[in-house]
Amino acid sequence: MMTRLGRLLLATFLATSAGGAATPASAQDAPFPVEITVDASRDEGPVRQVWRFFGADEPNYATMKDGRTTLATLGQLAPDQVYFRAHNLLTTGDGTPALKWGSTNVYTEDAQGRPVYDWTIVDRIFDTYRARGVKPYVELGFMPEALSTHPQPYQHDFRPGSGNLRTGWAYPPTSYAKWEELIFQWVRHCIARYGRAEVASWYFETWNEANLPQYYWGGTAEEFFLLHDAAVRGVRRALPDARVGGPDIAGAGDDFMTRFLDHVKRAGTPTDFLSFHAKGQPSFVPGPAGGHVRMGIDKHLKAADHEFALIGADPVFKSRPIVIGESDPEGCAACQGPANAYRNGTMYSSYTAAIFPRLQALAARRQLNLEGVLSWAFEYEDQPYFAGFRQLTSAGIDLPVMNVFKMFAMMKGRVVTSRSDHQLTVERMMADGVRATPDVGSVASADGKRLAILVWHYHDDDLPGPDADVHLQVGGLPAAFRRGATVVQYRVDHDHSNSYTAWLAMGSPIAPDDQQRAALLKAATLAGGAPQQTVQVAKNRAELRFRLPRQGVSLLVLTPG
């Protein structure tokens, strides 16, 4: 059996040997020109902050030291507008977390088979959310041991790369009436604790990926529909105006979404929103220099568009809000390995900047209402620094991807027109990924007298490449800018807002001392890539030039000078 030190050394190797923090291009690589034009006078509608959703398998991490810190960071991005989804909120156990596991012990039965409810642990979890400005996206699952039709073995023995995931927690209930009553009692308790208006602002959905019977559901599709209907009845009995939906299935290219929509129409089950998951598929490409990660952004987009197409084909549900309940570069946050070595560095952050606008474009193309895109990434408590999990923070230190969400949070108000001559179309990305020329794209927003322009430089292959020499032309500036514009540029790249490269530069210490940890925390902050500058404005137009390295993301904020 591998020791803890052995696992640590292996994780460090995986995190550092296969990329994840792209090195700058060599001096011989000449930058290539990119033309970006922004018209601040052309309004394309309100900014939809679809990024405000996050989640994790392990609910109990939320109440632990780094979990509390990470939640606080998320809550500060958009107070009382950020949502968090967690598995295992109804799972039996004493609250001790493990990989892909957690528990709250909300439901047991006495000797006569009568329900015994205990909200202590789940209250602590939701209290932690709310104290930090985060709201629950409530997943109604998994099955308490006393209700499971196959209770033993109950807790799974998952380990990265091995183990059986589907055990007693994953099966249908012995009594759908008791299941419905459990949900009713829980929602009624939440109303008493948090208030009716607060609970009405949450999302409620049933289970997770019930179309993957080898993992999360031990019953048939019809049994899942019964489970879902009973859960919705329980929620709505307690709170008639609760926001309910589903089915939060995996985007597996099947027809489960259509079957679900047909069922809820026949059954008359209230459905306020629809939800599904979409994932990419990175791979490890061997090579003479040790190999590299190649992302699968095309798989991510195709999975989303498949579900969009099924929803769009149903006239009853086409206008319903949609939440992509898990949207990630791959499917297992708790798994490690060479193909997942993108996570610590700028591969993950640049991918995130590039994928969100494309998901919105796919929904808009089908005239759908995309309300949220949930990143299944949080943190892993008491694990080695930069151990290679898919997460937002490591040992309480923000990773580069977290800083992209900080950039997203600064884009408010109205979307304005932005065009880049190196931005790939979503059709091309679905067909070919980003394997030839890089994707240098942009989106822009105007909020009163403040203009924010996000620019990214993404490529599927985690290899060095030339910088983008960006020529940014901004037109249609309002009269307030007639004396000039003050520009602040925020950067996430190899040298900015990057705790991982700072850790590598330290020699990858297993246990950073106080001084090193302070340096890592400083390196993790969202930093400006250039000093604040003032640019001239003539005829409502301004021009800027800057270099953006491969895997870099830049946010330029313009205010009247």
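Student: How many nonpolar, polar and charged residues does the lining of the largest pocket have?

Tutor: Classes first: Ala, Val, Leu, Ile, Met, Phe, Trp, Tyr, Cys and Pro count as nonpolar, Asp, Glu, Lys and Arg as charged, and the others, Gly among them, as polar. Here the lining has 20 nonpolar, ten polar and four charged residues. This is a predicted model, where local features need pLDDT of at least 70 and side-chain atom pairs count only at 80 or more, while totals for chains, interfaces and linings use all residues. Residues are numbered from 1 along each chain as its sequence is written, and side-chain values use heavy atoms, without hydrogens and water.

Student: What is a pocket, and which residues lie nearest the centre of the largest one?

Tutor: On a 1 Å grid over the protein atoms alone, a pocket is an open set of points with protein on both sides within 12 Å along at least five of seven lines; a cavity is a set where a 1.4 Å probe fits but cannot get out; lining residues have an atom within 4 Å of a point. The largest pocket has 34 lining residues, and nearest its centre lie Pro357, Gln360, Ala361, Val415 and Val443. Its space is about 1000 Å³, a volume being the space filled by probe spheres set on the points, which are joined across faces, edges and corners.

Student: Which helix or strand gives the most to that lining?

Tutor: Helices (H or I, at least four residues) and strands (E, at least two) are DSSP runs, numbered from the N terminus. Helix H9 (346–365) and strands S1 (32–46), S16 (414–420) and S17 (439–447) each supply at least two lining residues. H9 gives the most, seven residues.

Student: How many cavities of 30 Å³ or more does the structure hold?

Tutor: Five. The largest has a volume of about 60 Å³, and its lining includes His300, Asp328, Tyr348, Ile355 and Phe405. Strand S12 (321–328) and H9 are the elements that give two or more residues to this lining; H9 has the largest share, five. By class, six are nonpolar, four polar and one charged.

Student: What lines the second largest cavity?

Tutor: Asp57, Lys100, Trp101 and His156 are among its lining residues. The volume is about 40 Å³, and the lining has five nonpolar, three polar and two charged residues.

Student: Phe405 also belongs to H10. Is helix H10 mostly covered or exposed?

Tutor: Buried means under 20% relative accessible area, exposed over 50%, partly exposed in between (1.4 Å probe, protein chains only). H10 (residues 400–409) is mostly covered, with ten of its ten residues buried. Among them are Pro400, Asn403, Phe405 and Lys406.
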